[in-house]
Amino acid sequence: MSSIGEMKLNSHTNSTSPNASAAAPRPVKHIVIAGGGTAGWMTAAALAKLVIPAGIKVTLIESDSIKTVGVGEATLPHLRFFNTSLGFDEKEIFRETEATIKLGIEFCDWGKIGDRYVHPFGDYGFDVRGVSFHHIWSALHRNQAAGRIDDFSLPVVMSEQNRFCFPSDDPERLMSTFSYAYQLDAGLYAQYLRKFAQRCGVTRIEGRIDEVKMAADGEHIDGLILSDGTTINADFFVDCTGFRALLIGNTKGRDFEDWTHWLPCDRAVAVRCEGSNAPEPYTRASAKDAGWMWRIPLQSRIGNGYVYSSEMISPETAERDLLAQLEGPTTSDPLHLKFKTGWRRAGWSGNCVAVGLSAGFLEPLESTSIHLIQSAITHLIELLPLSSDSPLEAAEFNRLMDNEVDKIRDFLILHYHATQRTDSPFWDKMRELSVPESLTEKMEIFRRLGYVQSYKTGLFLDASWVAVFLGQNIIPQSSHPAALSLPPQKAAAMASSLAAQIKSTVSVLPQHRDFISEFTHSAGTKAPGAAGAAGARQS
Amino acid sequence: MSAQPQLFLRGSGPAAAFCAAVLARKAQLTGSGFGAEIECGALKIPLILGPESLRVLHGIGIDERDLMKACRGTYALGTIYHVGDKPATIPVLSGEDTLDGIPLFRICASEPDAESEHGPETWTETGIETGTETGTPSLPAYAALYPSTYLAETDRMAHPSPPHDYQYCVVLDPNAAFDYFMRAARHYGMRNQPPIQSALIITAFEPAHEDIFTISQTASAPIRSRVVHHDRAQACEISLSTQVCELTLRAAKAALAAATPHAKPDGETSDVLQHIMSRLLPFDRLYYDALSMSLEEFYQFWPVGDESGMALHTIAARSARRADLASDFQRLHWLCDERAIMSRGSDALQGKCALFIHRGHIPLHEGEIVNASEWAMRFASLGIKPKTRDPLAAPLNMEEMGQALIKRRADARGWASQQMSQTDYLGKMGALIPASTARRAQ
């Protein structure tokens, strides 16, 4: 992978090559987004808000006859910032997208059958002597005096009690120690975005893309030829055509790094069923014989799916197993999907950038699909191309995305690899997997010393890694010496007091269902009762 | 009573004493015995501690006022760079301010010659870009938007308070600082005993910098750091409350030294701090800030028994990456134009320069100490400016934007002008050394 520095030097060298003159760079005045769906309309909405005012025309081409995958009903907290930056009203999002609150993901049967843990959007406990709380917990755990790590996380206890209230802005409050996301209907969200984008000036063209017209240099796209013969020319293209990768697949960005040896699930079947009156504020991911099943409760229905390896079971078996787990009558036909895990290292190539599934796909396990769309859009806007030939911007975009994706990939592999299950060939294979060196090192240092190799730029920070390590029974053999130097009785008393405080704070919060109902019908921006429930944080 | 030293520091100079103070306190928290053998070394160069260093010192219980008083300290809010006749002040910033979501430096940095034609004292504005209509308000230079710039230029000092968000450095007398940090280390349990056989030994020897710069004392001058570029050499002036020290950076040797290939961390127990000391030069805050961040990391990954190697490998790799990135910033003293940077800079530095010139964007990497705003200002101080303004700034109403920035500049200047001089400020906080004591110290 060339760095930008090298790129700069190379671009001087190449400036006299015949290819360079074949596609004369031109200012970006028109951007075409190929494909609708979540990726297409998120891109359109963001460009509508930020790019159209700069005098750039934005067109989106989609065909009603092509079904969208509708990835990512469960989201991450970052989506809230995306919505805020576009000026969306949170209440409207709840009303229009059937949204519920998501405080984390409950993982069932991943370490061993019968195990259960929550990966929360928040911290465990508080730092003691400048070191993370999990060091105290693991020291207590080795002395059989720890209790569950879950008891020291406010969002986990909120999830378990099905209660919610907005976080506090006051960092001194216990209620400031978590964040939240949404579980929503991705199709409805895309419709909401579409309305917004079109209102802000995005032109939508109904049509099916038949052909990608390449420039003479073979690296840049000139236009898209639709099935009715119309050609849509533009200066820059965003490929949101999903797994088909119609545009990027024609450029130098076609090379796809296959990660199926690490993330071998390659099929999914999804179905909706009727929900309960008390949707839970968390997503569930239950490990199964040949993969895992998701359960995402929305306001009036539940999204369900089985992600599996086609090497292990057939689509029919997967569908049968999924339907057998449903909690209510189905409200849709089962939808079968095929995918290949991996990533395009040159997701921006020439005058085309891949956003969403066309760029690559990891796993729906940690709800990263929508986040990666958001991340690509953010970097695209930061590096909005000045001309149709933007090698510097492309190199920087690809560097930033690679950096993000590699860390997410390692995090996802950890879930599969850190298992003790011996009940099926699938889990035997995952347990014995040879994982990336970066992950081996991370696991080893945590296992032996309890240290998390943290980073500042990346999606999943320390608390997330700790949640999965501990949840899947990677308990450190040692703790930070500062934690060990605390007298055990003092440490135990401190932990017990914290757990009691969390419990009492959560006990007065509204039920999740009541909260949503009250919030969406209230006049203010915050739900009543938010401030009163904020217990003081221990220091 | 501390145990026999399981962690042992061998080193020289005030940087080693600084490390000893921090490690002694951290060892106390971990219940480990800590010992050190530290020589005075060459106590000539004042210490410049930036925000990271001050955070670490605060974390181990050192009071800033006490530190300033004991070490004859002064405050430095930024550096004034003189390239030819064009001085440019670069304040120490805490983050990136934005206007309508666009970083200010990406709006202002492309302003043609806003600083260079008129100098920072006047801050006269020039037109926004070629073809600006007559009557359109022009944009102020980027640094002018921060009160710390005015404070630095007029030798005033105030600690930041909302809404004025900036950071600062302290400059300490090397002799006094050495004594102070050694006392602190002893207070936190550092022992003079030899280490136990299985102890982890860390080295922190400050390299002799005579082949890179010479040091001389000058007459009393305004209290601020100043870097003057004289053709192929540079003078770096650092002031204390008692003296002014001038470091003349020798161009050729230093450039050569700084251009040596990046050393690879080898996981040797002794290298975790040494790499920073040999890679960075102590003439700005980056030296102590990088050390502080590595010391903090050392605490987070505290090496234990048989597993020390694994932890040390992580610390060493991170220290090396941080030192390399910070070293790019320091190397701008020698690689002071686009051509030199693009031919002799590291890949990361070339990448920064290329994208900045291309569109005012600064690509940052994991482990950076310097933020994008400071990079942008430093490039601008070298006459390196973006060819185009951020395309997203195009739809902004220039008149409104200009007025908003001019108001911000006026607010910054107005607030700064009400603050007291540094001499009065130090006197008020009881940290000013009486003149008679100062003379004795010299």
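This is a predicted model: local features need pLDDT of at least 70, side-chain atom pairs count only at pLDDT 80 or more; totals for chains, interfaces and linings use all residues.
Contact here means that heavy atoms lie within 4.5 Å of each other.

Select T314(B), which sits in helix α10, spanning residues 308-331 of chain B. With a relative accessibility of 4%, T314(B) counts as buried, and, once its neighbours within four places in sequence are set aside, its contacts are E441(A), I445(A), Q453(A) and F301(B).

Next, move to H480(A), in the loop that runs between α14 (462-471) and α15 (481-484) of chain A. H480(A) has a relative accessible area of 0% and is therefore buried. A polar atom of the H480(A) side chain is 2.4 Å from the backbone oxygen of Y299(B). Beyond four places in sequence, H480(A) is in contact with residues of chain A, including V131(A), H135(A), L449(A) and Y451(A), and also with T30(B), Y299(B), Q300(B) and W302(B).

From there, step back to helix α14(A), where nine of the 10 residues are buried, so that the helix is largely enclosed by the rest of the structure. Among the buried residues are W465(A), F469(A) and L470(A), and the buried residues of this helix pack against β5 (116-120), α6 (133-142), α11 (391-417) and α13 (437-449) of chain A. Just after the helix, N473(A) adopts a positive phi of about 70 degrees.

Now follow β5(A) into its sheet, an open one of seven strands with mixed pairing, in the order β5-β4-β14-β15-β16-β13-β17 of chain A. β5 and β17 (335-338) are the edge strands, each pairing on one side only, and the twist from one strand to the next averages 20 degrees. Strand β4 (residues 104-108) pairs with β5(A) in the antiparallel sense over five bridges, and I105(A) stands opposite H119(A) in β5(A).

Helix α9 (residues 315-325) of chain A lies across β13, β14, β15, β16 and β17 of chain A, and runs at about 145 degrees to β16(A).

Finish at D266(A), in the loop between β12 (257-258) and β13 (267-274) of chain A. D266(A) is buried, with a relative accessible area of 16%, and, leaving out residues up to four places away in sequence, it touches Y308(A), S309(A), S310(A), L337(A), K338(A) and F339(A).

Methods:
Residues are numbered from 1 along each chain as its sequence is written. Chains are lettered from A and ligands numbered from 1 in the order in which they are written. Side-chain values use heavy atoms; hydrogens and water are left out. Helices (H or I, at least four residues) and strands (E, at least two) are DSSP runs, numbered from the N terminus. Buried means under 20% relative accessible area, exposed over 50%, partly exposed in between (1.4 Å probe, protein chains only). A polar contact is a pair of N or O atoms within 3.5 Å; within protein, one must be able to donate a hydrogen and the other to accept it, and residues adjacent in sequence count only if both atoms are side-chain atoms. Two strands pair if DSSP finds at least two bridges between them. Axes are lines fitted to C-alpha atoms, for helices over the stretch in contact, and angles run from 0 to 180 degrees between N-to-C directions.
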